[in-house]
Amino acid sequence: MADRVRTAQAGTRTPRRRGLVPVLLLVLALGAVLLVALPGDDDGEDGAACVPRKVGAWEPDERTTGEFTRYGDDQARADDWTGGDGTHSVRLPDGRLLWLFSDSYLGQVHPPPNLSGQPHAWRDQSAPFVRNSAVVMSRSGRLERTLPTPVFPDPGPGQWRWPVAAKVEPRSPGAGEKVLRVLLWSRSTGTGPWIYGTPTATEVATMSLPDLRVEGITKVSDQSGVQDPAHRVLYGTAALDDDGHTYVFGGNDGKAAAKSASDAYVARVPDGGLADPDAWRYWDGKRFAKSGGSAEPVLGDGATPQGSAGTGPSSAATKGVASAFTVVREEGTWVLFTMAAGAEGLTTVTSYWSCGPTGPWHGPAKGFAPPLPQDTAPRTDAAVYNPQAHPDVAAGKGRLVLSYDVNWLDATPQVAASHVTRNVALYRPRFVQLRLMRSD
């Protein structure tokens, strides 16, 4: 998926078969997690009370993490999912849950020990690699099958599609028939700062229900004409319903151009209109406008958030997001999760909060460092990235399930490749359960 993890000391690509790499979702940007109220933040857009939110508690979700371990290690088939990143999910009308992934491994996983004698399940060097995949989970929470891959074909040579947020909606506004809409990021082979791919377009795939057949793919925002790739905006990192609209969040690739953080943007689409480019409206700083070229960030260099970890006025800390962040609603409060800025960008999940999708966003706030797989080397050698909320995954009362991806980092690509190959836990989603609570 777009915006994969990079490090100043490494700057490496993760391994892939036949010259491809399981490119990491870059999510290096944000701030902390104690949240403070500011004047004027009384109500959310639907009239519900808006109050500052913080992470009151969190713990590893061993059940969900273990289910992906079970499925990925199952040797019954040679064409199913064994690892991937860019983790998104969507509940289908019949109760099943569809999991969407960007760069993914298929094939066989061998039981431990690996060829180095370590206690890890492993895959060999010939394991198939695809740009996107999807796995179906039953109503009971058991992963059952992988859809034929790639689910979304490459748009052309040197181009690929990464699925991001998805939702079930009417085929058109007011229609009775439901379809699944999947937002896609189209990228193309790049050089220099964009060795992980140059952003080119936001697309929307329409899939039939219940058979999950791709009916077509529509381009809703073509960015190829924007000369500087750092200014191209891709939408779909999160999509939330509110008052008859879908609010679609996105970001630019500013960090690829030596910025320390990227900017967050938001668009609005009437329910049932995601696949209609003419239905999209983009926040321009004052209103939702028809032209995407007039879009202004709601968080980042051009939209400085208010407050920082209870300090009141804006702090000098780096503000902004990478394109792989997630947004949830807690009554009238909107909460945005992403990775911390600076040195904690590969270890620590942080958050901002707002009373509406366009802000102002308050934070950053104090973060937490989710665990890595057992038996991995020190945290400095592994990356945590791409936090994504999964409201449809069963959790305890008042709890939210959040996934994050992990990978190995090293200045030498061959070394990084060997670690991902000999320990399959390094390229799979992991999960935590957290509780949001009011912060006064």
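Helices (H or I, at least four residues) and strands (E, at least two) are DSSP runs, numbered from the N terminus. Residues are numbered from 1 along each chain as its sequence is written. This is a predicted model, in which local features need pLDDT of at least 70 and side-chain atom pairs count only at pLDDT 80 or more, while totals for chains, interfaces and linings use all residues, and side-chain values use heavy atoms, with hydrogens and water left out.

**Confidence**

Begin by colouring the model by pLDDT, the predictor's confidence in each residue, from 0 to 100. The protein averages 84, and 81% of the residues score at least 70. Select residues 1-42, where the pLDDT is below 50, although this stretch has 209 contacts in the model beyond near neighbours in sequence; a contact here means heavy atoms within 4.5 Å. Next select residues 308-316, over which pLDDT stays under 50 and for which the model has 15 contacts beyond four places in sequence. Where pLDDT is low, the predicted coordinates should not be read in detail.

Select strand 11 (residues 198-207) and strand 12 (residues 214-222), which run antiparallel and are joined by 7 bridges; two strands count as paired if DSSP finds at least two bridges between them. Within this pair, T206 stands opposite G216 in strand 12. The hairpin has 6 residues between its strands, and P210 lies in that loop, where a cis peptide bond with omega of about 5° joins L209 and P210. L212 is found in the loop between strand 11 and strand 12 as well, and its phi is near 60°, a positive value in a residue other than glycine. Most residues other than glycine have a negative phi, and most peptide bonds are trans. L212 counts as buried, at 6% relative accessibility, where buried means under 20% relative accessible area, exposed over 50%, and partly exposed in between (1.4 Å probe, protein chains only).

Now select the open sheet of 3 strands, which has the order 18-19-20 with antiparallel pairing. Strand 18 (326-330) and strand 20 stand at the edges, each with a single partner strand, so one side of each is left without a neighbour in the sheet. The twist averages 25° from one strand to the next, with axes taken as lines fitted to C-alpha atoms (for helices over the stretch in contact) and angles running from 0 to 180 degrees between N-to-C directions. Strand 18 and strand 19 (residues 333-339) are joined by 5 bridges, and T326 stands opposite F337 in strand 19. In the loop between these two strands is E331, whose phi, near 55°, is positive in a residue other than glycine; at 56% relative accessibility, E331 counts as exposed.

**The disulfide**

Which residue is joined to C50 by a disulfide? The partner is C355, with an S to S distance of 1.9 Å, and a disulfide is taken here as a pair of cysteine sulfur atoms within 2.5 Å. C50 lies in the segment before strand 1 (53-60) and C355 in the loop between strand 20 (349-354) and strand 21 (382-389), so the pair ties together parts that are 305 residues apart in sequence. The torsion about the S-S bond is about -85°, so the disulfide is left-handed. C50 and C355 are both buried. In the loop between strand 20 and strand 21 you will also find P360, and the peptide bond from G359 to P360 is cis, with omega near 5°.

Select next the open sheet of 4 strands, in the order 1-23-22-21 with antiparallel pairing. Its edge strands are strand 1 and strand 21, each pairing on one side only, and the twist averages 35° from one strand to the next. Strand 22 (residues 399-408) and strand 23 (residues 429-438) pair over 7 bridges, with R399 opposite R435 in strand 23. Helix 1 (residues 62-73) packs on this sheet, touching strand 1 and strand 23, and its direction makes about 160° with that of strand 23.

**The nonpolar cores**

Finish with the nonpolar cores, each a set of buried Ala, Val, Leu, Ile, Met, Phe, Trp, Tyr and Cys residues joined through side-chain atoms within 4.5 Å. The largest has 19 residues, and among those touching the most other members are L183, V204, Y235 and W280. Strand 9 (159-170), strand 10 (178-188), strand 13 (233-242) and strand 15 (264-270) each supply at least two residues of this core. A second, separate core of 18 residues includes V349, L372, L400 and L434.
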